[in-house]
Amino acid sequence: MSLQEFIDGLPEPVLVMDSGENVQMANEAIRKLFQLDLPLMEGAKKGEVFECEYATLPEGCGNTVRCSGCVIRTTVTETFQTGQSQEKVPACLKRTPGNLGEKEKIDLLISTEKVRGFVLLRVDEMEPQ
């Protein structure tokens with residue numbers, strides 16, 4: 001069984017992030033949740049995968065003034081730095097799906113775990129506002 005097959009076998013939506021917070025792998029559940037193709041996700045920043053409205057700005061994901069308060073970003077960074085897992089952390093995401101200009105606000109619960117130099121980012125719950 002390949003690592004991708006293992007990740008795809010997980011029922012929860014999961015991203016595998018490297019230390020630069022780039023997506024290295026994504027499972028089938030998260031691809032379906034965000035309606036994206038795997039090749040578009042590999043190497044992308046998490047804000048690009050989640051279609052965060054700020055990720056499309058010229059500064060890019062993680063580099064705008066608003067990014068400093070991003071719970072998803074700070075949770076992943078903290079897990080990388082400390083190695084401590086985070087469970088069901090409330091986060092809010094402002095998305096522009098398909099970059100069509102329509103914005104939506106989504107409440108999430110996310111969890112993170114560091115495994116061999118990578119962080120697994122799991123979406124536990126997602127509710128559109």
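Guide: Ala29 touches Leu10, Pro11, Glu12 and Pro13, not counting residues up to four places away in sequence. Contact here means heavy atoms within 4.5 Å. The C-alpha atoms of Ala29 and Leu10 are separated by 7.8 Å, although the two are 19 residues apart along the chain. Ala29 is found in helix α2. Helices (H or I, at least four residues) and strands (E, at least two) are DSSP runs, numbered from the N terminus.

The basis, briefly. This is a predicted model, in which local features need pLDDT of at least 70 and side-chain atom pairs count only at pLDDT 80 or more, while totals for chains, interfaces and linings use all residues. Residues are numbered from 1 along each chain as its sequence is written, and side-chain values use heavy atoms, with hydrogens and water left out.

Next, Ile30. Leaving aside neighbours within four places in sequence, Ile30 is in contact with Pro13, Val14, Leu15, Met41, Phe50 and Val123. Ile30 is also among the residues with the most contacts inside the largest nonpolar core, along with Leu15, Val49, Phe50, Leu108 and Leu121. That core has 27 residues. A nonpolar core is a set of buried Ala, Val, Leu, Ile, Met, Phe, Trp, Tyr and Cys residues joined through side-chain atoms within 4.5 Å. Buried means under 20% relative accessible area, exposed over 50%, and partly exposed in between (1.4 Å probe, protein chains only). At least two core residues come from each of β1 (14-17), β2 (23-26), α2, α5, β3 (86-95), β4 (104-115) and β5 (118-128). In soluble globular proteins, nonpolar side chains tend to be buried together.

Now the aromatics. The structure holds 1 aromatic pair. The ring centres of Phe34 and Phe50 are 4.9 Å apart and the planes stand at 50°, so the pair is tilted. Rings of Phe, Tyr and Trp (its six-membered ring) pair if their centres lie within 6.5 Å; planes under 30 degrees apart are stacked, over 60 edge-to-face, the rest tilted. The pair links distant parts of the chain, 16 residues apart: Phe34 sits in α2 (residues 28-34), Phe50 in the loop between α4 (46-49) and α5 (71-82). Both Phe34 and Phe50 are buried.

On to the sheet. It is open, with 5 strands in the order β2-β1-β5-β4-β3 and antiparallel pairing. Strands pair if DSSP finds at least two bridges between them. β2 and β3 are the edge strands, each pairing on one side only. The twist averages 30° from one strand to the next. β3 and β4 run antiparallel, joined by 8 bridges. α5 lies across β1, β3, β4 and β5, at about 5° to β4. Axes are lines fitted to C-alpha atoms, for helices over the stretch in contact; angles run from 0 to 180 degrees between N-to-C directions.

Finally, Lys88 in strand β3. Phi of Lys88 is near 50°, a positive value in a residue other than glycine. Most residues other than glycine have a negative phi. At 47% relative accessibility, Lys88 is partly exposed. The side chain of Ser111 reaches the backbone nitrogen of Lys88 at 2.9 Å. Ser111 is in strand β4 and is buried, with a relative accessible area of 2%.

How values were computed: Polar contact = N/O pair within 3.5 Å; in protein donor to acceptor, adjacent residues only side chain to side chain.
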